Amino acid sequence: MQSETTTPQAVTVRTPQGEDGAQAPAVLLRDIRHDFGDLHVLAGLTLEVAAGETVALVGPSGCGKSTLLEIACGLQRPSSGTVAATPAALVPQRDALLPWADALDNAALPLRLQHVTRAEARRRAEPLLAELGLSGFERARPAQLSGGMRQRVAFARALLTGRDVLCLDEPFGALDAITRAEIHRWLAGALAVQPRTVLLVTHDIEEALVLADRVCVLSPRPARIVAELAVAGARPRDPADPALIALRRQALEALRAC
Ligand SMILES: Nc1ncnc2c1ncn2[C@@H]1O[C@H](COP(=O)(O)OP(=O)(O)OP(=O)(O)O)[C@@H](O)[C@H]1O
Ligand SMILES: [Mg+2]
């Protein structure tokens, strides 16, 4: 993201900088307000995500989670507030795959944009699709894939950008429970080998607790953070762990209370 400051709406967008040598957060959102016309969507929301941290955002439908993620990625400019973020790859809520391109070309798109030849880009993307359980579907077009398969292609595409920050908008919502648990395991392993910063929007509190270091609970629109839960332990965590069950209860209580 380029350093820039805009007025008159008091929006500042800049790259993060550490103070006094301290490591800068990978994503810094300060006092973010956003309106779509008369619709107040974000009500002064502040969130810092440290480099290598995974933060999950949970909240009621329509509260502004996707809007917040788009703001964090620089795709949407907030009505006011400060955004400082390392360039991020977004897996949008709707997968946004190219309908005419097959799964491999869709996943390999970021490499093509980096001027890698098509053959080489496909060669590099293929093992990742296999790891995500898509062997045999490399040549399938999006219309020939299930919703969960398309999500995994979109996820592969985000990973292949090589960017350090991943903004994932309900990336695994269409997966069956077993495939989802496999992808959680795969992602936890991948993040252990190559740490990245992850901002994960999910409706599934269990998914948030299994994967995230911190879970932010958002209020209904206009959204603000009503609870933040720190989650300890190696990932992916066991959802049957009593500590996780207690945190799940806390998150649900926070959601019900607002
Ligand atoms: N481009 C837009 N123009 C006008 N209103 C919008 C736009 N995008 C989102 N909205 C509205 O802003 C609110 C927040 O939308 P958003 O998609 O961020 O919610 P969400 O929390 O991601 O919801 P869900 O959990 O259902 O995905 C909704 O009321 C939506 O109708
Ligand atoms: Mg959304």
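With how many C-beta neighbours inside 10 Å does Asp31 count as partly exposed? Asp31 has 14 such neighbours and therefore counts as partly exposed; the class lies between buried (20 or more other C-beta atoms within 10 Å of the residue's own) and exposed (12 or fewer), with C-beta atoms placed from the backbone. The model is predicted: local features need pLDDT of at least 70 and side-chain atom pairs count only at pLDDT 80 or more, while totals for chains, interfaces and linings use all residues. Residues are numbered from 1 along each chain as its sequence is written, and chains are lettered from A and ligands numbered from 1 in the order in which they are written.

- Among the 13 residues around ligand 1, the nearest are Phe36, Ser61, Lys65, Ser66 and Thr67; a residue is near if its C-beta atom, placed from the backbone, lies within 6 Å.
- Strand E4 (39-49) and helix H1 (65-73) each supply at least two residues of this shell, and H1 gives the most, with 3 residues. Helices (H or I, at least four residues) and strands (E, at least two) are DSSP runs, numbered from the N terminus.
- The shell has 4 nonpolar, 7 polar and 2 charged residues.
- Because 9 of the 9 residues of H1 are buried, H1 is largely enclosed by the rest of the structure.
- Just after H1, Gly74 takes a positive phi of about 80°.

**Packing of H2 and H4**
- The axes of helix H2 (residues 103-113) and helix H4 (residues 147-159) come within 6 Å and cross at roughly 30°, which makes H2 roughly parallel to H4 (angles under 35 degrees count as roughly parallel).
- The contact is made by Ala103, Asn106, Ala107, Leu109 and Pro110 of H2 and by Val153, Ala156 and Arg157 of H4; residues are in contact if their C-beta atoms, placed from the backbone, lie within 7 Å.
- By class, this contact has 6 nonpolar, 1 polar and 1 charged residues.

**Backbone features**
- Most residues other than glycine have a negative phi, and most peptide bonds are trans.
- Asp31, in strand E3 (residues 27-36), has a positive phi near 50°.
- Glu170 also has a positive phi, of about 50°, and is placed in the loop between strand E8 (165-169) and helix H5 (177-193). Glu170 counts as buried because it has 20 C-beta neighbours inside 10 Å.
- The peptide bond from Arg221 to Pro222 is cis, with omega near -5°, and Pro222 is in the loop between strands E10 (214-218) and E11 (225-230).
- A cis peptide bond also joins Arg235 and Pro236, with omega about -5°; Pro236 is in the loop between E11 and helix H7 (242-257).

How values were computed:
Axes are lines fitted to C-alpha atoms, for helices over the stretch in contact, and angles run from 0 to 180 degrees between N-to-C directions. Angles under 35 degrees count as roughly parallel, over 145 as roughly antiparallel, 65 to 115 as roughly perpendicular and the rest as oblique. Two residues are in contact if their C-beta atoms, placed from the backbone, lie within 7 Å. Ala, Val, Leu, Ile, Met, Phe, Trp, Tyr, Cys and Pro count as nonpolar, Asp, Glu, Lys and Arg as charged, and the others, Gly among them, as polar.
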